[in-house]
Amino acid sequence: MSATNRDGLAAPGPGRRTRAVDVLVIGAGPAGLAAAARLAAAGAGTVEVVDREEQAGGVPRHCYHSGFGLRELRRPMSGPAYARHWCELAAGAGATVRTGVSVTGWAEQPGRGTLALDTTSPAGLERITAGAVVLATGARERPRSARLVPGTRPAGVFTTGELQQAVHLRHQRVGTRALVVGAEPVGYSAVRTLRGAGVEIAAMVTDQPRHQTSWASGLGARLHHRVPLLTGTTVTGLLGRGRLAGVALRHRDGRTTTVACDTVVFTGDWIPDHELARLGGIELDRGTRGPAVDTAFRTAAAGVFAVGNLLHAVEPAGTAAREGTLVAVPVLRHLADGAWPGGQVPVEVDAPLRWVAPNRIDPRGPRPPLGRFTLRTTRTAGRLSALVISQDGRFLHRERLRRGSVPNRPLYASADWIDGADPHGGPVVITAG
Amino acid sequence: MAVTTSGTLPDEVYDIVVIGAGVVGAAIARELSRYPLRIALVEASGDVGDGTSKANTAILHTGFDAVPGSLESRLVREGQRRLAAYAAEAGIPVEPVGALLVAWNEEQLAALPRLVEKADRNEYHETRLIGADELYALEPHLGPGALGALAVPGESIICPWTTTLAYATEAVRDGADLHLNCRVTGVGGGAPHELSTVRGPLRTHILINAAGLYADEIDRWLGHADFTVTPRRGQLLVFDKLARGLVRHILLPVPTALGKGVLVAPTVYGNVLLGPTAEDLDDRTATGSTAEGLAFLRERGERILPELLDEEVTAVYAGLRAATEESDYRIRCDPDRRCLTVGGIRSTGLTASMAIAAHVVELLTEAGEKLGEPSERPAVRMPNIGEAFPRPYQRADLIAADPEYGRIVCHCERVSHGEIRDALASTIPPSTPEGLRRRTRARGGRCQGFYCGAAVRALFSPEGTSEAAGGPGGPGSTGASTASRASGSGTSSLLPEVGP
């Protein structure tokens with residue numbers, strides 16, 4: 001067994017420097033930067049954001065399309081400009097933003113006392129202890145392998161994240177003719193990036209009966225970019241050796257075809273980057289696969305908060321940033337009183353609903369952001385559908401979905417029923433009625 | 001000593017040419033390079049270990065279940081000892097996790113005592129029968145219904161990529177030539193042998209055929225028709241590192257009349273492997289996965305380790321074992337024609353490789369070939385890409401000496417800029433991003449390039465002229481630029497094949 005120091009932590013390995021901060025934010029995307037900005041401005045003490053990338057800003061760094069910041073900053077910005085905005089705000093408020101710093105693990109399981117994380121950077125190894133930790137590690141798109149798409153393993157297979165970085169940040173050539181898999185908003189971002197890079201787009205395919213973006217975006221892609229959309233269609237295999245030669249497709253009615261292309265982009269199908277949370281033994285929500293959090297962004301581990309798309313893969317950058325801003329109050333309160341609630345009531349969903357966030361409630365706690373819960377469904381439903389919320393068989397709330405439900409698009413449920421929930425009762429269950 | 005990737009071949013008569021730079025051919029070249037001989041290792045692909053050797057179950061076997069008395073049994077047993085010792089010296093990641101053959105029904109349970117006897121006849125005496133209670137104590141995440149198991153503590157997991165690369169690196173450093181992108185298209189009838197290759201003619205006094213899936217084809221050019229290779233495809237699923245805690249041992253199936261079944265095993269990179277399938281095919285290039293194969297594996301995996309199926313899949317791959325109509329290895333020397341064939345090395349080639357190489361030297365000597373006096377030299381020291389030993393990102397001393405080892409490029413696998421730089425400047429540099437992955441693990445993790453793909457590619461082709469390949473690179477596409485970059489690189493490294 002290794003020796004322990006005064007804090008009861010295992011001694012850091014040779015050459016590992018130890019430092020202390022008041023708040024350590026992990027991930028310098030919109031959520032993490034917004035949290036750091038508000039915390040530093042509110043006098044939380046030393047607030048440090050670490051990010052493993054060489055540049056802060058998160059995913060918007062490589063989203064070159066406009067439309068960022070409209071809601072909260074009231075002006076349209078490109079992704080990189082939006083990323084810069086939050087970097088400047090965090091730094092301007094007095095937070096330290098350190099890039100090229102990878103958090104490699106917890107010095108001990110969080111929630112049992114001292115919070116301490118180990119990092120690697122070109123400056124060496126560190127162990128950073130903190131009064132509170134905010135996880136803002138974001139989400140990634142599932143790659144081809146995780147989607148279990150069979151076939152060969154040729155070059156020319158991307159996710160949108162890799163595509164955008166290749167084109168916008170590295171100015172690499174991509175290919176000549178591409179198939180885009182997925183028709184949620186990020187798929188349309190991929191279309192724009194491909195077209196900007198001079199790549200012909202053979203088609204977009206989605207296994208859903210329709211696209212899942214705004215009507216304007218969908219129509220624009222079809223008319224402006226002349227991208228055919230194949231609905232009810234799944235990818236059954238990749239073909240080609242060395243370089244991708246084609247993608248095999250199957251329509252719901254059984255028809256099959258092969259699209260000749262040298263590039264395929266797998267878009268959407270997000271999964272939270274929950275590795276650090278899991279390494280710390282922090283409880284995950286079964287639906288979101290992110291840390292289970294209450295309406296104040298508290299995880300099951302005392303002192304550890306989580307915000308952004310780690311909690312709900314994915315919502316727009318503005319939503320992530322809003323959560324970062326909102327986490328400041330509970331973090332400050334925890335720094336002041338050290339309290340951490342226990343015995344919260346889980347909020348669960350039944351199929352065809354996929355997940356709900358936040359997914360723990362403390363009936364005495366705050367309302368979730370904008371007074372509502374965010375959900376996803378796996379199935380399209382019409383305008384007459386509704387969400388029904390109950391606890392231990394007791395009806396709590398019913399909510400009509402005015403626009404019906406579409407997979408990969410947010411559904412919202414009001415939080416007005418929270419006061420009626422039994423703090424000692426079983427899980428609150430949301431079903432589609 | 002030279003590594004060539006394009007252009008015509010040297011106009012000389014080699015003493016020995018080895019066809020095929022898989023794990024077996026590379027081991028043979030390494031063994032022969034100790035002798036005062038001119039050796040060439042020729043390979044159709046742009047990299048060493050780019051066929052079956054890169055796509056297997058990565059297990060260092062004891063040989064407990066080989067056919068007793070067979071050549072395979074002897075060479076696996078010897079090879080296991082040799083490779084275990086060599087791996088420790090050369091820094092090849094090995095973890096002696098041990099195996100459990102899990103019996104799921106009475107028939108399998110009844111087969112276990114016979115396997116103990118078989119192991120004894122294969123001179124492996126450490127097996128032990130264990131009951132269900134002990135089994136579940138050892139593997140608490142095992143699915144319900146297991147009746148007992150046979151423990152084989154000597155089974156280990158190993159890095160197949162580093163193994164082949166270490167052999168080939170040592171051969172090249174000892175003076176052997178390695179000719180890549182050099183498919184052999186024919187063998188002439190005279191002496192010396194005149195080989196036709198896609199890069200022109202190549203002459204040699206002695207020819208060694210270690211061409212794996214194509215060994216029978218080359219044999220026929222030499223006038224032999226001993227065997228036919230029937231590729232047997234094995235598809236495998238690699239699960240996320242977060243699944244590593246679910247399994248401690250290699251969980252082997254009990255072989256029955258219905259075949260060998262599917263295993264679950266940790267990998268030295270910290271993932272969990274599920275596979276392989278066993279499909280006899282005609283196509284020697286059919287290394288694709290299939291929906292049926294993956295569904296089959298998931299169904300089997302669900303039984304063995306149910307929680308595994310909740311984890312993300314990091315990679316899917318398929319390899320082709322070079323099966324023949326005979327169950328044993330086909331290693332034949334033709335003293336008259338001065339050629340030797342190493343064929344039918346199916347699943348155990350990685351384990352047996354060093355013993356096969358020693359066996360080849362014996363056969364050549366018996367055939368009257370004068371190989372000269374072997375010289376002893378220290379083993380190479382390879383960069384560590386395994387999880388059981390400190391990786392550069394964990395080493396304060398290394399990062400203090402060179403901060404590039406603290407600059408992580410591939411976050412999922414925690415591969416530093418320093419390691420990528422070293423691999424690109426190594427004795428046998430990668431010719432594709434996939435080759436770089438096998439040397440460093442860069443871009444091999446759960447995100448498969450979402451975060452690092454473009455950055456890794458920028459390091460691979462700093463000129464920025466090559467395509468953003470978005471996945472495995474094409475074979476041989478960048479051979480020339482790789483060679484020039486490697487020779488032109490002036491950067492010194494703390495770790496080039498001199499790992500921790």
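What is the mean pLDDT of chain B, and what percentage of its residues reach 70 or more? The mean is 92, and 91% of the residues of chain B reach 70 or more, pLDDT being the predictor's confidence in each residue, from 0 to 100.

This is a predicted model, in which local features need pLDDT of at least 70 and side-chain atom pairs count only at pLDDT 80 or more, while totals for chains, interfaces and linings use all residues. Residues are numbered from 1 along each chain as its sequence is written, and chains are lettered from A and ligands numbered from 1 in the order in which they are written.

**View 1. Stretches of chain B with pLDDT below 50.** Over residues 473-492 of chain B the pLDDT is below 50, and beyond near neighbours in sequence this stretch has 38 contacts in the model, a contact being a pair of residues whose C-beta atoms, placed from the backbone, lie within 7 Å. Residues 496-500 of chain B also stay under 50 in pLDDT, with 20 contacts beyond four places in sequence.

**View 2. The kinked helix α8 of chain B.** Helix α8(B), residues 349-366, is a DSSP run (helices are H or I, at least four residues; strands are E, at least two; both are numbered from the N terminus). The helix has a kink of about 35° centred on Ala355(B), where the bend is the angle between axes fitted to the seven residues ending at a residue and the seven starting there. After α8(B) comes Gly368(B), whose phi is positive, near 95°.

**View 3. The contact between chains A and B.** The predictor gives the complex an ipTM of 0.95 and a pTM of 0.94. In the model, 46 residues of chain A are in contact with 43 residues of chain B. The largest share of the chain A side, five residues, comes from α4(A), and the elements that give two or more residues also include β5 (115-121) and β6 (124-135) of chain A. By class, this side of chain A divides into 16 nonpolar, 19 polar and 11 charged residues, where Ala, Val, Leu, Ile, Met, Phe, Trp, Tyr, Cys and Pro count as nonpolar, Asp, Glu, Lys and Arg as charged, and the others, Gly among them, as polar.

Terms used. Contact = placed C-beta atoms within 7 Å.
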